[in-house]
Amino acid sequence: MSAVLAEAVANAPPIYLDNQSTTRLDPRVLEAMLPYFTEEFGNPHSTSHTYGRNAAAAIETARAEVATLIQADPREIVFTSGATESNNLAMKGAAHFARAHPTGVARDHIVTLVTEHKCVLESCNQLQSEGFAVTFLPVEPNGLISPAALAAAMTERTLLVSVMAAHNEIGVIQPLSEIGALCRSRGVLFHTDAAQAFGKIPLDVRALQIDLMSISGHKIYGPKGVGALYIRRRPRVRLVPLIDGGGQERGLRSGTLPTPLCVGLGRAAALAGAEMTEEAERLRQLRERLRRSLARRVPGFAVNGDLEQRLPGNLNFSFPGIEALSLIEACPSLAVSTGSACTSASVEPSYVLRALGLSEAEANSGIRVGLGRFTTAAEVDFAADALVDATRRLAGQGTRAHISGG
């Protein structure tokens with residue numbers, strides 16, 4: 001390689017393989033959003049003039065596009081700032097309403113999984129501090145819930161079950177239909193954090209008997225800062241709002257809606273609906289291409305989480321004896337991630353991988369690769385080579401000493 005070419009390669013941006021963290025804004029989404037930053041700048045809640053009415057109409061179109069993707073009624077979609085807010089509104093809103101409007105046996109018990117996103121776990125911790133009972137269920141070694149264990153955990157006081165549709169770290173897809181049927185048979189609300197599943201796998205809130213579903217824009221090639229909460233309308237799910245104000249979004253989420261962001265979420269949903277099947281198959285083939293290449297060339301290569309019930313673009317894996325952060329540092333040409341929670345003082349193993357039964361050392365080896373709409377086969381092949389080369393270099397260097405606590 002010439003010196004000029006080597007410098008060009010060294011200065012090139014890393015290949016982006018972290019699409020579970022966030023996705024690049026689709027140019028078609030940006031195109032739909034742009035007019036609402038400039039000439040269509042009206043407040044969607046000021047409908048006494050054309051500017052406001054145009055913005056309001058654009059938001060209602062976006063609401064319908066989001067609803068269509070999950071087979072919902074547009075009136076069941078409430079726009080939020082993202083899935084974290086949606087999760088908080090769903091769980092705290094349902095709990096606070098049940099406490100304020102008791103009927104018969106008190107419904108003050110919530111069931112969730114130990115592998116849920118931190119915003120769900122922290123919402124549960126907050127509700128516990130308010131006197132609600134919470135059961136944190138373990139998962140099977142493949143990351144999936146045991147429906148029998150869920151059924152055993154539910155009591156006559158159970159108000160709500162919250163289970164992530166598709167996992168942000170290990171990509172596993174939970175048995176939503178079984179969970180929904182069980183919850184409906186017990187009169188229990190079923191909430192699912194679908195930030196990773198929305199737009200990537202088919203979702204039908206009626207067929208799956210989902211009562212509350214959290215949605216994020218930036219996971220599906222839409223903008224950051226916008227999301228939605230599906231709230232079943234018939235029979236109506238009642239929530240206490242988190243935000244008080246002018247009563248926008250049918251009183252459930254006050255505040256002026258960001259028209260460009262809502263339009264972007266709607267357009268991203270429409271594109272996902274039109275292209276999901278083809279895109280999923282392409283990503284599945286790329287993922288298998290990467291998995292087979294790594295498995296063939298690295299002894300002891302292990303996939304974390306169920307391989308079949310999995311998002312098509314997700315691959316979470318470990319190389320034996322190789323710390324994840326050391327591997328990431330050794331691959332500056334790749335943008336990949338680990339589920340570890342890092343601070344300036346320490347590195348903690350992924351609580352998700354530990355919940356699968358992995359040791360601390362094994363959990364510290366977990367790497368998450370998220371393939372996406374703009375990932376190419378050439379990039380996958382380059383990534384496989386880079387990971388294998390880095391692993392071989394590190395294997396002879398004793399990487400565990402590099403990480404404190406390793």
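Author: Ala, Val, Leu, Ile, Met, Phe, Trp, Tyr, Cys and Pro count as nonpolar, Asp, Glu, Lys and Arg as charged, and the others, Gly among them, as polar. By that rule the lining of the largest pocket divides into twelve nonpolar, three polar and eight charged residues. The model is a predicted one, in which local features need pLDDT of at least 70 and side-chain atom pairs count only at 80 or more, while totals for chains, interfaces and linings use all residues. Residues are numbered from 1 along each chain as its sequence is written, and side-chain values use heavy atoms, without hydrogens and water.

Reader: Which residues lie closest to the centre of the largest pocket?

Author: The pocket has about 450 Å³ of space. Of its 23 lining residues, F97, A98, T103, R107 and L159 are the closest to its centre. The largest share of the lining, four residues, comes from helix α4.

Reader: Why is L30 called partly exposed?

Author: Buried means under 20% relative accessible area and exposed over 50%, with partly exposed in between (1.4 Å probe, protein chains only). L30 has a relative accessible area of 36%, and is therefore partly exposed. L30 sits in helix α2, residues 27–33.

Reader: What lines the largest cavity?

Author: The largest cavity, with a volume of about 170 Å³, is lined by 18 residues, among them K200, Y221, E279, L283 and L371, which lie nearest its centre. Its lining divides into nine nonpolar, five polar and four charged residues.

Notes
Helices (H or I, at least four residues) and strands (E, at least two) are DSSP runs, numbered from the N terminus. On a 1 Å grid over the protein atoms alone, a cavity is a set of points where a 1.4 Å probe fits but cannot get out, and a pocket is an open set with protein on both sides within 12 Å along at least five of seven lines; lining residues have an atom within 4 Å of a point. Grid points are joined across faces, edges and corners, and a volume is the space filled by probe spheres set on the points.
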